[in-house]
Amino acid sequence: MMKLFFNNKEISTEAQTLQQLAQELSLPDKGIAVAADNKLVPRPEWDAFLLKESIRIVVIKAVCGG
């Protein structure tokens, strides 16, 4: 079990990769961007992106309108 920060809240996860975390948290397939320790991680890299203890993950949701 690993502890990390997701949108500024500490969580525990069994996920090893960003893709596994996205599935575990039921993140949407479209309309979001993910940053790890303040660096954008492109969706094609999620499966290879390994999580580490205390990493900070931020999910940004696209919003339509003005």
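Read from the N terminus, the elements of the protein follow the order β-β-α-β-β-β, that is, 1 helix and 5 strands. Helices (H or I, at least four residues) and strands (E, at least two) are DSSP runs, numbered from the N terminus. The model is a predicted one, in which local features need pLDDT of at least 70 and side-chain atom pairs count only at pLDDT 80 or more, while totals for chains, interfaces and linings use all residues. Residues are numbered from 1 along each chain as its sequence is written, and side-chain values use heavy atoms, with hydrogens and water left out.

**The whole chain.** Begin with the C-alpha trace, which spans about 40 × 25 × 20 Å along its principal axes. Of the 66 residues, 32% count as buried (under 20% relative accessible area; exposed is over 50%, partly exposed in between, with a 1.4 Å probe and protein chains only). Among contacts (heavy atoms within 4.5 Å) between residues at least 6 apart in sequence, 50% join residues at least 24 apart.

**The sheet.** Next, select the strands. They form an open sheet of 5 strands with mixed pairing, in the order β2-β1-β5-β3-β4; two strands pair if DSSP finds at least two bridges between them. At the edges are β2 and β4 (39–40), each of which pairs on one side only. Now select β3 (residues 32–36) together with β4: the two pair in the antiparallel sense over 2 bridges. Within this pairing, leucine 40 in β4 is the bridge partner of alanine 35.

**Threonine 17.** Move to the loop between β2 (9–13) and α1 (18–24), where threonine 17 has its place. Threonine 17 is buried, with a relative accessible area of 8%. Show the contacts of threonine 17 beyond its neighbours within four places in sequence: Trp46, Asp47, Phe49, Leu50 and Leu51. A polar atom of the threonine 17 side chain lies 3.1 Å from the backbone nitrogen of glutamine 20. For a sense of scale, pick glycine 31, 14 residues from threonine 17 along the chain; their C-alpha atoms are separated by 20 Å.

**A charge over a ring.** Finally, select phenylalanine 5 and arginine 56. Arginine 56 lies over the face of phenylalanine 5, at 4.1 Å from the ring centre. A charge sits over a ring if NZ of Lys or CZ of Arg is within 6 Å of the ring centre and within 35 degrees of the ring normal.

Methods
Polar contact = N/O pair within 3.5 Å; in protein donor to acceptor, adjacent residues only side chain to side chain.
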